[in-house]
Amino acid sequence: MKDDNFLRANNARHLWHPMGHPGDMMAHAPTIITGAQGSVIEDIDGHKTVDAVGGLWCVNLGYSNDVVKDAIAKQLYDLPYYSAFAGTTNPRAIEASYAVREFFADDGISRVFFTSGGSDAVETCLRLARQYHRLRGEPARTKFLSLKKGYHGTHFGGASVNGNIRFRTAYEPLLPGCFHLPSPYTYRNPFNETDPAKLAQLIAQTMEDEIAFQGAGTIAAFIMEPIQGAGGVIVPHETFMPLAQDICERHGILMIADEVITGFGRTGDWSGSRHWGVKPDMMSCAKGITSAYFPVGAALLNDKVADVFESSDADGSIFHGYTYSAHPVGAAAVTACIEETLRLDTKTNAAARGTQLYEGALALADRFDIIGDVRGGHGLMVGIEIVSDKAAKTPMDAATMKRIHQTAYEAGAMVRLGMQNILMSPPLTISADEVDQILTGVEAGLKAA
Ligand SMILES: Cc1ncc(COP(=O)(O)O)c(C=O)c1O
């Protein structure tokens, strides 16, 4: 292990950071986080902050869960790795698939395909959706529908259904045949519709129109996050996802719920889809599946999809997978994490502390004119949109957003920025006092702006 001087001198010199400009990272060295306990992280200077980001929407159990740590450590000694490609498996993979299936049984999930993370999980869903239709004798169903402002990871498939131009332009051309519908973003939308229920209807109509234009027989799947996370915590009206599911069913289109953030309790229920009474055909999940103690994701399938594969001829073989699919150490982490998630009933604390955080943010909006919109109300996902002119809804400039972030950090709250949004997704085990500390930090940031 190197000393602090070495770490400071080499910070961002050799490592390229995801979602960062390499030159900018060199000029403004990223904060070195050296330790964490519970919901609190500590940097190299010994400064402690409540982690309102939860790592990256992922450390659901907080940083100190010994059950998960012990399960990982034990598995490293028993069997650190063996492949799960056709022909071999391992005990932890069998247990973990059972645990995930049980966890999402009420969502209609019956089969599990493990991946190394969320982007892989999305990619798996997209690929299996195409294969599903091919096996059913509809090989022309290759296109995908998704929502603007959606985030579905960074693989070519996921980036293609991504609805944020920032993650697309540099890597175009992306996958052909991906079409984006308006986001259920009441604060800004092309219809200037401020009523969320009416907006849901308008988007549903746009979806119908797009399907008619493309031809239903060419569309494989529709993918959406039950609550859009990275796009700014955009909560659709309760009618939207059921409307979309009904359209999908009527047109033979698979519905994929991207639950990478919303799965495993973050929204105050075990899946985001449950809030809207929807049982999707497929779900992608990651993050909370291991609480980030080990990189794992999963594509989950219902019986309708699984039956087509399982009763098919040789073409139903899955020519897809990752070296680390069903990794025994990751699988041990999954089972332990699910047991802890259930034992601690994290969804209940997420709902209570989420309400506290959301109401605290709404109270700040009464006092600070630069708050244009506050979004949340479903567990520990809260977004505050900052504007420089409230009437014109002008997005706040990047330099001011950075100042808000830095001041909040100095005042004891690590938040995340997504353009003009302050995004908050702390561990689901967070205490009421720690939520207050986040709000105090955000308030300090707003004052500085
Ligand atoms: C909804 C959603 N899907 C997919 C991903 C990609 O997951 P990963 O970063 O683990 O590849 C993310 C990541 O934040 C996400 O929020």
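This is a predicted model: local features need pLDDT of at least 70, side-chain atom pairs count only at pLDDT 80 or more; totals for chains, interfaces and linings use all residues.
## Domains

The domain assignment divides the protein into domain 1 (31-61 + 345-448) and domain 2 (68-343). Between the C-alpha centres of domain 1 and domain 2 the distance is 26 Å. The contact between them involves 33 residues of domain 1 and 35 residues of domain 2.

## Nonpolar cores

The largest nonpolar core has 58 residues, of which F104, F114, M207, F222 and I289 touch the most other members. Helix 12 gives the most to this core, contributing seven residues. The core lies between domain 1 (31-61 + 345-448) and domain 2 (68-343), because both give residues to it.

With neighbours within four places in sequence left aside, the contacts of M207 are L145, L181, F222, A244, I247 and C248. Another core lies apart from the largest one. This other core has 29 residues, including A361, V374, M401 and I438.

## Helix 5 and helix 12

Helix 12 (residues 328-343) also packs with helix 5 (residues 91-103), at an angle of about 35 degrees and with the axes 8 Å apart. The crossing of the two helices is left-handed.

On the side of helix 5, the residues that meet helix 12 are R92, A93, E95, A96, A99, V100 and F103. Helix 12 meets them with P328, A331, A332, V334, T335, I338, T341 and L342. By residue class, the contact of helix 5 with helix 12 comprises eleven nonpolar, two polar and two charged residues.

## Backbone features in loops

A cis peptide bond joins E172 to P173, with omega near 5 degrees. P173 belongs to the loop between helix 7 (156-161) and strand 6 (178-181).

Two residues other than glycine are described here for their positive phi, K149 at about 75 degrees and S291 near 55 degrees. K149 is in the loop between strand 5 (143-147) and helix 7, while S291 is in the loop between strand 9 (282-285) and strand 10 (297-302). K149 has a relative accessibility of 27% and counts as partly exposed. S291 has a relative accessibility of 1% and counts as buried, since the cut-off for buried is under 20% relative accessible area.

D246 is part of helix 9 (residues 240-250). Its relative accessible area is 37%, so D246 is partly exposed. D246 and A204 are 42 residues apart in sequence, and their C-alpha atoms are 9.7 Å apart in space.

N349 is part of helix 13 (residues 346-367). With a relative accessible area of 23%, N349 is partly exposed. Not counting residues up to four places away in sequence, N349 touches G354, L428, T429 and I430. The C-alpha atoms of N349 and L380 are separated by 9.0 Å, and the two residues are 31 residues apart along the chain.

Definitions and conventions: Residues are numbered from 1 along each chain as its sequence is written. Side-chain values use heavy atoms; hydrogens and water are left out. Axes are lines fitted to C-alpha atoms, for helices over the stretch in contact, and angles run from 0 to 180 degrees between N-to-C directions. Helices (H or I, at least four residues) and strands (E, at least two) are DSSP runs, numbered from the N terminus. A crossing is left-handed if the near helix is turned anticlockwise from the far one by less than a right angle, and right-handed if clockwise. Contact means heavy atoms within 4.5 Å. Ala, Val, Leu, Ile, Met, Phe, Trp, Tyr, Cys and Pro count as nonpolar, Asp, Glu, Lys and Arg as charged, and the others, Gly among them, as polar. A nonpolar core is a set of buried Ala, Val, Leu, Ile, Met, Phe, Trp, Tyr and Cys residues joined through side-chain atoms within 4.5 Å. Buried means under 20% relative accessible area, exposed over 50%, partly exposed in between (1.4 Å probe, protein chains only). Domain bounds come from an automatic or database domain assignment.
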